[in-house]
Amino acid sequence: MEYTPEHMSDRATVLHVDLDAFYVSMELRRRPELRGLPVVVAGGLGNRGVVNTASYEARRFGVRSAMPVSQARRLCPQAVFLESDYHYYSVASKQFHAILRDFSPLVEPAGADEAYMDVAGTEQLFGAAAEVAARIKARVNAEIGITASVGVSVNKLVSKVASDAGKPNGLVVVEAGTEAAFFAPRPIRELPMVGRRTAEVLTSLGIRTIGDIARTPEAALVAKFGKHGAELRQRALGIFDAPVVAQRGDAKSISRDITFDTDEPDGDRLRAVLRSQAERIAKELSTSGKAARTVSLRLRFPPFETLSRSFTPSVAVDVADEVYAHGVALFERAWAENDRRPVRLIGLGVHNIVERARQLRLGETLEADRLQDTVEALRDRYGGASVLRANELQRNPYRHRDGDYIPPFSAPKLDPAAAPDEEVREAIDGAHPPADWP
Ligand SMILES: [Mg+2]
């Protein structure tokens, strides 16, 4: 495709709004005594656990999202490790997206803690895009009690890089026409399309900055990366066509995926990731009163192979146990077929979303439903930690009080002047870039 300036909006009206270290920030909100300490929030704290979010203090020790908890403990043994409390975070996530919709009908959620929005045409009401960004930041801070970073530019790609560049608590505006100049000095890993492996190849070619990519002849990039080479060069110039697409309420699919920094060889750990993805998906389904007809699994093996498998059971699924059961069955088959090789990315999703049927299904008890409803009602009333499954209790070393985990810890104070670090990036180095990129 030939790109011309006409493909780009002439005004910077696209915002990327991203909550800073979301899970950790939420934990610090209810446990201010942990501020300034390395804090790691993980889905499961045992050997099989995986890091969801690390505080900026913990990132200084090299702790990253999607890293095994055991590795995080080696890198930063003094960190406070907390188990993810998705229920607690989801309330704030809903508040966050509601704030955004107060400023524009064009809001495209990109996860629990981030969204793109286009504020073209709302100047009369709310002022210029940068002003809207500042107002959103202020409201998130006042109403949720955590900070957000915002990037403002002509498109989603540049705004995404801009919000990352400003973290934490940043507001970065890239004026129309200055996209390539903004990108040029930045390291290649800041471009969302560049994963670890792609970065290695680029580095071997002497390419270190995004500007270096832009200066590389397209043919050279195509020779190395195939058809993605041309795309890579366009992106390096800050060119990105996909508009902000409003998504309200009725999602067509819900999915979670995670890209490991180091390819994951451990089956139990992969199953634990699937389990936590299933719980988050089921939570979202139940919040919206929905069920799903189809469960799908995505696996990526290094370097470039991505496979998707899906299954449509005879009855729609709506509880975590069911989503997990179908997901893990797909996983076992697909993984065995691929010689149980280490996995770069694992993702679980549900599609064909329908209204949740409340009648008793043939040959099935409502026990699972009732259990989940009861657990959720108790969690709503008493907080996320008040009800734990027995197996969660076993691997959770913390007592809880008033719905909060109380970690036993003694950690030294650190210099709070923590350098913001890169978030884990989705590496589009496979043949199947994620549909929801960037
Ligand atoms: Mg975030």
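Student: What percentage of the 438 residues of the protein chain count as buried?

Tutor: The predicted chain contains 16 helices and 14 strands. Its accessible surface comes to about 19400 Å², with 53% of that belonging to carbon and sulfur atoms. Of the 438 residues, the share that counts as buried is 53%.

Student: Which strands stand at the edges of the open sheet of 5 strands, each with a single partner strand?

Tutor: This sheet has mixed pairing and the order β5-β6-β1-β7-β8. Each edge strand has a single partner, so one side of it is left without a neighbour in the sheet. The strands concerned are β5 (107-109) and β8 (171-173).

Student: Which residue in β6 does Glu-108 stand opposite?

Tutor: β5 and β6 run antiparallel and are joined by 3 bridges. In β6, the residue opposite Glu-108 is Tyr-116.

Student: Which residue of β12 is the bridge partner of Thr-294?

Tutor: Strand β10 (residues 290-301) and strand β12 (residues 343-355) run antiparallel and are joined by 10 bridges. The partner of Thr-294 in β12 is His-351.

Student: Which element gives the most residues to the largest nonpolar core?

Tutor: That core has 40 residues, and those with the most contacts inside it are Leu-15, Val-17, Met-117, Ile-136 and Val-140. Elements that each supply at least two residues include β1 (14-19), β6 (114-118) and α6 (129-143). The element giving the most, with 7 residues, is α4.

Student: Why does this core lie between domain 1 and domain 2?

Tutor: In general, nonpolar side chains tend to be buried together in soluble globular proteins. Here the core lies between the two domains because residues come to it from both domain 1 (5-18 + 89-236) and domain 2 (22-85).

Student: Leaving aside neighbours within four places in sequence, with which residues is Ile-136 in contact?

Tutor: Ile-136 is one of the residues with the most contacts inside the largest core. Leaving aside those sequence neighbours, its contacts are Leu-15, Val-17, Leu-100, Phe-103 and Met-117.

Student: How many residues of strand β3 are buried?

Tutor: Strand β3 covers residues 50-54. It pairs with β2 in the antiparallel sense over 4 bridges, and Val-40 has Ala-54 as its bridge partner in β3. The strand is largely enclosed by the rest of the structure, because the buried residues number 5 of the 5.

Student: Which residues of β4 are buried on the one side and on the other?

Tutor: β4 pairs with β2 in the parallel sense over 4 bridges, with Leu-82 as the bridge partner of Val-41. In a regular strand the side chains alternate between the two faces of the sheet. Both faces of β4 are covered, the buried residues being Val-80 and Leu-82 on one side and, on the other, Phe-81 and Glu-83.

Student: Is Ala-21 buried or exposed?

Tutor: Ala-21 is in the loop between β1 and α1, and its phi is positive, about 35 degrees, although it is not a glycine. A relative accessible area under 20% counts as buried. At 5%, Ala-21 is buried.

Student: What is the omega of the cis peptide bond that joins Lys-167 and Pro-168?

Tutor: Pro-168 lies in the loop between α7 and β8. Asn-169 is also found in the loop between α7 and β8, and has a positive phi of about 55 degrees although it is not a glycine. For the cis bond between Lys-167 and Pro-168, omega is about -10 degrees.

Terms used: Residues numbered from 1 in each chain as written. Predicted model: local features only at pLDDT ≥ 70, side-chain atom pairs only at ≥ 80, totals over all residues. Heavy atoms only, no water. Pairing = 2+ DSSP bridges. Core = buried A, V, L, I, M, F, W, Y, C linked by side-chain atoms within 4.5 Å. Buried < 20%, exposed > 50% of the residue type's maximum accessible area, 1.4 Å probe, protein only. Domains from an automatic or database assignment. Contact = heavy atoms within 4.5 Å. Areas by Shrake-Rupley, 256 points an atom, 1.4 Å probe, with all protein chains shown as cover.
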